[in-house]
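Subject: Structure handover

Hello,

Here is the structure for you to look through. Please open it beside this email and find each residue as you read.

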Amino acid sequence: MDAKTEDSEAVLPLPEVTWLTLLEHQERQQVERTALADVWEDHDLVFPSERGTPIEPTNLSRSFARLRQTAGLPGVRLHDLRHTVVSLP
C-alpha cells in the first residue's frame, strides 16, 4: 500500500522482540488456518478474525479496551498507539 504522500513514508525500527513475536504469531496462525480450512477465507492479513476475514473495527476496539483494562492502562485508544510508536526514539 502506498503512503498518502512521500513525506508520509518512513522506515520504523522493529525491535527484535517484536520480530520474534510476529514470527511466533505467524506459526500459530498457520495452525489455525489448517484447522479451519473449511471456513478460512485468506485475505493475507497479519491480524484477521477467527475465520481469516478483516476484523470489524468495533470488535477490535472492544477487544483492545478489555486488554487495556486488564493491563491497568488509562483511557488510551488503540489509534493513540500509532502516534506513540512514531514518537519513540
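Below is what was found in it, topic by topic.

First, a caution. This is a predicted model. Keep that in mind for every value below.

**The loop between α1 and α2**

Helix α1 covers 16-35, and α2 covers 57-71. D44 sits in the loop between them. Its backbone deserves a look. D44 has a positive phi of about 55°, although it is not a glycine. Most residues other than glycine have a negative phi. Is D44 buried or exposed? D44 is exposed, because its relative accessible area is 70% and the cut-off for exposed is over 50%.

F47 is found in the loop between α1 and α2 too. F47 has 52% relative accessibility, so it counts as exposed. R51 is another residue of the loop between α1 and α2. R51 has a relative accessible area of 42%, so it is partly exposed.

**The second largest pocket**

Next, look for empty space. Rolling a probe the size of a water molecule over the atoms shows where such space is left. The second largest pocket holds about 230 Å³. Which residues line the second largest pocket? The lining is made up of W19, L22, L23, H25, Q26, Q29, Q30, R33, D44, L45 and V46. So D44, the residue with the positive phi, is part of this lining because it is listed there. By type, the lining has five nonpolar residues, four polar and two charged.

**The nonpolar patch**

Now turn to the surface. A nonpolar patch is formed there by L14, W19, L20, L22, V46, F47, I55, L60, L78 and L81. Together these residues have about 850 Å² of accessible area. Which helix gives the most to the patch? That is α1, with three residues. Both α1 and α3 (78-87) supply at least two residues each. The exposed F47 belongs to this patch. W19, L22 and V46 are in the patch, and they line the second largest pocket as well.

**Salt bridges**

How many salt bridges does the structure hold? There are three. Take them one by one.

- R33 and D42: their side chains meet in a salt bridge at 3.8 Å, N to O. The cut-off for a salt bridge is within 4 Å, so this pair counts. D42 is exposed, with a relative accessible area of 53%. R33 also lines the second largest pocket.
- E41 and R51: the closest N and O atoms of this salt bridge are 2.7 Å apart. Both E41 and R51 lie in the loop between α1 and α2, ten residues apart. E41 is partly exposed, with a relative accessible area of 32%. R51 is partly exposed at 42%.
- D80 and R77: the closest N and O atoms here are 2.6 Å apart. D80 has 22% relative accessibility, so it counts as partly exposed. R77 is exposed, at 53% relative accessible area.

**Distances along and across the chain**

Last, compare sequence with space. Each distance here runs from C-alpha to C-alpha.

- V17 and T34 are 17 residues apart in sequence and 26 Å apart in space. V17 is in helix α1. At 60% relative accessibility, V17 counts as exposed.
- E16 and L45 are 29 residues apart in sequence and 21 Å apart in space. E16 lies in helix α1. E16 is exposed, with 60% relative accessibility. L45 is one of the residues lining the second largest pocket.
- R51 and P13 are 38 residues apart in sequence and 31 Å apart in space. R51 is the partner of E41 in a salt bridge.

**Where to look first**

Then go to F47, a loop residue in the nonpolar patch. Finish with R51, in the loop between α1 and α2, and its salt bridge to E41.

Best wishes

Note on methods. Residues numbered from 1 in each chain as written. Predicted model: local features only at pLDDT ≥ 70, side-chain atom pairs only at ≥ 80, totals over all residues. Heavy atoms only, no water. Helix = DSSP H or I, 4+ residues; strand = E, 2+ residues; numbered from the N terminus. Buried < 20%, exposed > 50% of the residue type's maximum accessible area, 1.4 Å probe, protein only. 1 Å grid on protein atoms, 1.4 Å probe; cavity = no way out; pocket = protein on both sides within 12 Å on 5 of 7 lines; lining within 4 Å. Points joined across faces, edges and corners; volume = space filled by probe spheres on them. Nonpolar A, V, L, I, M, F, W, Y, C, P; charged D, E, K, R; others polar. Patch = residues over 30% accessible without salt bridge, like charges linked within 9 Å, V, L, I, M, F, W, Y side chains within 5 Å. Areas by Shrake-Rupley, 256 points an atom, 1.4 Å probe, with all protein chains shown as cover.
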